[in-house]
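Okay, thanks everyone for making time.

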Amino acid sequence: VPLFYKLQITSTFEYLHLRFDSVAVRKLGSVLGIISTLTYMGTSAFAPSTALEAVTGFPVWASILLTVGVGTIYTSIGGMKAVIWTDVFQSVIMFGGILAVVVMGTVRIGSVSKVFEICQEHGRLNFFDFNFDPTRVNTFWIITLSNTILWWKSYGTGQASVQRFCSLPTLKKAEIAVLLAIPMQVLLITLVCFGGLVMFAFYAQIGCDPLEQGYVKTGNQILPYFVMDTFRSLPGFPGLFLATLFSGALSTMSSGLNALSAITWEDFLKYRLRHLKESRKALCTKLLVLIYGVCSTGIAILAMFIKGPIMQAGSTLSGAISGSLIGMFVLAAFTVTSNWKGTLAGPMVSFPIMVWIAIGGQSIKGNNQYLPPGPT
């Protein structure tokens, strides 16, 4: 936080330019950042769309267009202020919806201890798998390392985060904002993970696997099916649940669009269009938001062809790109002997290799079964 705040830069990749005195390094970092953000935005827009289809039958493609369209419009009109305030409101809705799912599901099962008892019985509570096999997904080492890289990228060097804490009036307030975000993120992830345990325990208790029985098309639709199955006696709750899902998607969409617009303008267009009036420059940034909104729509539609958990696929691809980006910032901030040539060569080699591995891992069906099947 102190590093970026004291520099008061708009684009995080401007730091790479200052550190290595290389435009090429800055532009490479910007390109990788744009690809990473677009990939995550696209998968985030697709996830609630498939849930809406499971609940209402509303077409996925139409839901994607509406989600991206709404996020693009209010981001282009309101800018950073609109993004921050809508994120606050959407965060409250997300926490409320997830908490309601967890509480009501636990009540239907019997107790929290009963949830853990059922999950333990069916092999869902292997927290400390210290296997060093890199082909296994849910080991302690893989989860720790991958999440460290992902969250370091998001909160340490991510354009959306840096923009926000640099906009605060003092460094102390910026540091407090980041420190407050950490426990809130931990709480959110804990609630989501426990929600998954609650769903499994509920269907294991009644001896039903919705995916195996054909009640849902993909594993991405189990959560909305659980909500409709469990809360059908509570009018309005399925609507609250859908609002929870779309709040998360819109939050990701608006933050990403705002960040992409800033990166593109600062790193590629600002110098070339320096002669324009301020009103024209503002118009250009709004057009960039619209362009990236269209790109996100295309990626979300392509995500329809991904088999398996959509968020896992999005996190895998994003992590493959984030590793190269984090490497550039680590060289810049923590070494004194690195130069622009090494910083440029590293991502150019690692990026295609990691993306190849990530895509192969998602598209090739292996023999590795991560969890034992549920009861039917």
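**Starting at Gln 163**

Let's begin with Gln 163, which touches Thr 10, Met 80, Asn 258, Ala 259 and Ala 262, not counting residues up to four places away in sequence. Contact here means heavy atoms within 4.5 Å. Gln 163 sits in helix α7, residues 159-166; helices are DSSP runs of H or I, at least four residues, strands are runs of E, at least two, and both are numbered from the N terminus. Gln 163 is buried, with a relative accessible area of 16%. The cut-offs there are under 20% relative accessible area for buried, over 50% for exposed, and partly exposed in between, with a 1.4 Å probe and protein chains only.

Quick housekeeping. This is a predicted model, so local features need pLDDT of at least 70 and side-chain atom pairs count only at pLDDT 80 or more, while totals for chains, interfaces and linings use all residues. Residues are numbered from 1 along each chain as its sequence is written, and side-chain values use heavy atoms, with hydrogens and water left out.

**The second largest pocket**

So which residues are closest to the centre of the second largest pocket? This pocket holds about 300 Å³ of space. It has 16 lining residues, and the ones closest to its centre are Gln 163, Asn 258, Ser 261, Ala 262 and Thr 285. Helix α4 provides the largest share, 6 residues. By class, you get 5 nonpolar, 9 polar and 2 charged residues.

We work on a 1 Å grid over the protein atoms alone; a pocket is an open set of points where a 1.4 Å probe fits, with protein on both sides within 12 Å along at least five of seven lines, and lining residues have an atom within 4 Å of a point. Points are joined across faces, edges and corners, and the volume is the space filled by probe spheres set on them. For the classes, Ala, Val, Leu, Ile, Met, Phe, Trp, Tyr, Cys and Pro are nonpolar, Asp, Glu, Lys and Arg are charged, and the others, Gly among them, are polar.

**Along α10**

Staying with α10, that helix also holds Thr 264 and Leu 269. Thr 264 counts as buried, at 9% relative accessibility, whereas Leu 269 is partly exposed at 25%. Leaving aside neighbours within four places in sequence, Thr 264 is in contact with Ile 34, Leu 269, Leu 288 and Tyr 292.

**Cores**

On to the nonpolar cores, meaning sets of buried Ala, Val, Leu, Ile, Met, Phe, Trp, Tyr and Cys residues joined through side-chain atoms within 4.5 Å. The largest one has 38 residues, and Phe 4, Tyr 15, Leu 16, Phe 165 and Met 328 touch the most other members. Its largest share, 8 residues, comes from helix α3, residues 23-56. Apart from that core lies another, of 29 residues, including Ile 98, Val 198, Cys 208 and Leu 242. As for Phe 165, if you skip its neighbours within four places in sequence, it contacts Val 1, Phe 4, Tyr 5, Tyr 155, Ala 174 and Val 178.

**Helix α5**

Next up, which residues of α5 (112-121) are buried? Those are Val 115, Ile 118 and Cys 119. They sit on the same side of α5 because they cover an arc of only 95° around the axis, the arc being that of the directions from the helix axis to the C-beta atoms. The face turned away from that buried side carries the exposed residues Ser 113 and Glu 121. Just after α5, Gly 123 takes a positive phi of about 70°.

Most residues other than glycine have a negative phi. Gln 8, though not a glycine, has a positive one of about 50°. It is in the loop between α1 (2-7) and α2 (14-20), and it is partly exposed at 47% relative accessible area. Asp 21 also has a positive phi, near 55°. It is found in the loop between α2 and α3, and it is exposed, with a relative accessible area of 68%.

That's my tour; over to you.
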